[in-house]
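User: I would like to learn how to read helix packing in a model, going from the overall fold to individual contacts. Could you take me through it step by step?

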Amino acid sequence: MIQNNIKMENITELPLRISIRGCYFSNFRNNHHFALHRQLHGAVAKVDLKKLHIDKELMDEWEGLIEQSFTLGPRARIAELTRQMGELNARLTEMITYIFGVIRAQRFSFDKDMSGSALRLYNIIRSYRGLQKMLREGKSARIESLLGLLDEKADDVKRLGLTASVAELGRMNNELSATFILRANTKVGHTPAYKLRPELDRIFSLVVNRISASYVLAKSDADKLEIIRLVVILNRVIADFRRSYHESMAQRRRDRSRVDDSVVDDEAAADDESDSLVSLDSSAEDFDSSEADSSAETLSEADSVEKVAESVDEDEPSLEAG
């Protein structure tokens, strides 16, 4: 939970403007990104929204997207249905291959009735060459068309001993179609993570703009102090997540560096003529700690406030004068 322990009594002069520091939203992993938005939403929700000129509808939309991002049920169900469709598609392919193979082989039967039935069925399946390789979404409709033509030649199908196989093909095809429809219905109202992220960032950008405007339009110093307190909290949360991001990136670089060192050591052991190896550049473990973010993912800090720095602890993100 975000604690509010800022020493506001030390403020002697209110800044002209305020700003919320930027963040590496696009670089964060999904869970990191969603957790950040949950913290930011919680901080903003504790303030009187009227003072921030933020509609409840906007906050509800923000909260709904955050909760949806943490809901695993639809995603897990969609993944399971996709897996089932893959298995059904593979079984359909095997069954089609078997039926087509029997028909082709029986064309050369010494039994004239058998070969005659096979030739009549072969004239049908010739139009469905490549059916096994079709994508599963389009394969189902083609199979239904094939089943309709085979049904008209039921006697020939029976003579070749394919009645049960054709019936099983129809059953599996119906199951594939039903599974496809169920997956489509499950997707209704569910937004994948790659679509949620830009929507969350868009809403936060609107919130930031309204907070900045609300400070300028505030009717009293008390309201301005409350907004400043919120900005400091938001900056603290963002700073914590940025620090966590940098630490995780540094750890990943260290892990890669150790793997590279191991590979170099193996090569050195195999090379008797090698006297020494060039050491890996230690800067590979460093990370860019610049406060400048890309324009698409960050918010400008050029207009931050100056004198509120005295109001926070030394380890807190500061506000600079605008």
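User: To begin with the chain as a whole, what percentage of its 322 residues count as buried?

Analyst: Please keep in mind that this is a predicted model. Burial is judged from relative accessible area, with under 20% as the cut-off, and by that criterion 38% of the 322 residues of the chain count as buried.

User: How should I read the length of a helix, for instance what span does helix 1 reach from its first C-alpha to its last?

Analyst: The idea is to set the span against the one expected at 1.5 Å a residue: helix 1, with 16 residues, reaches 22 Å, close to the expected 22 Å. Helix 8 (residues 163-187) can be read likewise, its 25 residues reaching 37 Å, close to an expected 36 Å. As for burial, the buried residues of helix 1 are His33, Phe34, Leu36, His37, Leu40, His41, Ala43 and Val44, while those of helix 8 include Val166, Leu169, Asn173, Leu176 and Arg183.

User: At what angle do helix 1 and helix 3 pack, and how far apart are their axes?

Analyst: Helix 1 (residues 30-45) and helix 3 (residues 56-69) pack at about 150°, and their axes lie 10 Å apart. Because angles over 145 degrees count as roughly antiparallel, helix 1 is roughly antiparallel to helix 3, and the crossing of this pair is left-handed. Helix 1 contributes Phe34, His37, Arg38, Leu40, His41, Val44 and Ala45 to the contact, and helix 3 contributes Met59, Trp62, Glu63, Ile66, Glu67 and Ser69. By class, the residues of this contact are seven nonpolar, three polar and three charged.

User: Which residues of helix 3 meet helix 9, and what is the handedness of the crossing of these two helices?

Analyst: Helix 3 and helix 9 (residues 193-217) pack at an angle of about 150°, with axes 10 Å apart, which means that helix 3 is roughly antiparallel to helix 9. Their crossing is left-handed. From helix 3, Leu58, Glu61, Trp62, Leu65, Ile66, Gln68 and Ser69 meet residues of helix 9, among them Leu196, Leu200, Ile203, Phe204 and Arg210. The contact of helix 3 with helix 9 has 10 nonpolar, two polar and four charged residues.

How values were computed:
Residues are numbered from 1 along each chain as its sequence is written. This is a predicted model: local features need pLDDT of at least 70, side-chain atom pairs count only at pLDDT 80 or more; totals for chains, interfaces and linings use all residues. Side-chain values use heavy atoms; hydrogens and water are left out. Axes are lines fitted to C-alpha atoms, for helices over the stretch in contact, and angles run from 0 to 180 degrees between N-to-C directions. Helices (H or I, at least four residues) and strands (E, at least two) are DSSP runs, numbered from the N terminus. Angles under 35 degrees count as roughly parallel, over 145 as roughly antiparallel, 65 to 115 as roughly perpendicular and the rest as oblique. A crossing is left-handed if the near helix is turned anticlockwise from the far one by less than a right angle, and right-handed if clockwise. Contact means heavy atoms within 4.5 Å. Ala, Val, Leu, Ile, Met, Phe, Trp, Tyr, Cys and Pro count as nonpolar, Asp, Glu, Lys and Arg as charged, and the others, Gly among them, as polar. The expected span of a helix is 1.5 Å times one less than its number of residues. Buried means under 20% relative accessible area, exposed over 50%, partly exposed in between (1.4 Å probe, protein chains only).
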